[in-house]
Amino acid sequence: MIDERERAIHPIVPDSVRHNTQVLSSIRSLTASLFGIAAGILGLESYPGFLFYLFGTLVVSALVWGVLAKGKPEQFFENQLSGLWAQDVFAGLSSFVLTWTLFYGLVRS
């Protein structure tokens with residue numbers, strides 16, 4: 001956790017946090033669609049498909065944490081739990097289900 005002295009030296013700029021949030025939202029919406037395509041092509045049904053999505057979003061969050069945030073998400077997000085790990089997980093679920101059912105129907109028919 002960052003203390004007050006560290007916040008005074010390196011303040012969080014709201015415009016930068018907003019930009020980081022938009023970039024993360026774009027990454028999540030794109031990967032949700034890609035995971036839906038993969039789940040449909042693999043023929044996953046019911047719980048395995050949803051577990052595939054949750055596992056995929058955890059992998060994407062870990063990659064963002066390690067690659068983009070370089071292991072220090074507190075420098076880029078105010079709250080790393082909601083900003084990095086939980087943001088847009090359920091918003092991407094609708095695009096996942098849409099592409100999942102589309103590609104499942106295309107492959108299986």
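Here are some friendly notes on the fold, the helices and the side-chain pairs of this model.

1. First, the ground rules. This is a predicted model, in which local features need pLDDT of at least 70, side-chain atom pairs count only at pLDDT 80 or more, and totals for chains, interfaces and linings use all residues. Residues are numbered from 1 along each chain as its sequence is written, and side-chain values use heavy atoms, with hydrogens and water left out.

2. On the overall fold: the chain has 5 helices and 0 strands, giving the pattern α-α-α-α-α along the sequence. Helices (H or I, at least four residues) and strands (E, at least two) are DSSP runs, numbered from the N terminus. Among contacts in the chain with a separation of 6 or more, 76% join residues 24 or more positions apart; a contact means heavy atoms within 4.5 Å.

3. Of the 109 residues, 27% count as buried; buried means under 20% relative accessible area, exposed over 50%, and partly exposed in between.

4. The partners are D15 and R18, at 2.7 Å from N to O. They sit 3 residues apart in helix α2 (residues 14-42), so about one helical turn separates them. An α-helix has 3.6 residues a turn, so residues three or four places apart point the same way. D15 is exposed, with a relative accessible area of 52%, while R18 is partly exposed at 46%.

5. L24 also belongs to helix α2, and here the side is a buried one, with 3% relative accessibility for L24.

6. Helix α3 (residues 46-68) has 23 residues, which should span 33 Å at 1.5 Å a residue; its end C-alpha atoms are 32 Å apart, which agrees. The expected span is 1.5 Å times one less than the number of residues. Its buried residues are G49, Y53, G56, T57, V60, S61 and V64. After α3 comes K70, with a positive phi near 55°.

7. Now the rings. There are 5 aromatic pairs, counting rings of Phe, Tyr and Trp (its six-membered ring) whose centres lie within 6.5 Å; planes under 30 degrees apart are stacked, over 60 edge-to-face and the rest tilted. One of them, F35 with F52, is edge-to-face, at 6.0 Å centre to centre and 85° between the planes. This pair links distant parts of the chain, F35 in helix α2 and F52 in helix α3, 17 residues apart. F35 is buried at 18%, whereas F52 is partly exposed at 24%.

8. F50 and W100 are edge-to-face too, with ring centres 5.2 Å apart and planes at 90°. F50 lies in helix α3 and W100 in helix α5 (residues 91-108), so the pair ties together parts 50 residues apart in sequence. F50 is partly exposed at 34%, and W100 is buried at 7%. F50, Y53, F96 and W100 form one aromatic cluster.

Methods:
Buried means under 20% relative accessible area, exposed over 50%, partly exposed in between (1.4 Å probe, protein chains only). A salt bridge is a side-chain nitrogen of Lys or Arg within 4 Å of a carboxyl oxygen of Asp or Glu.
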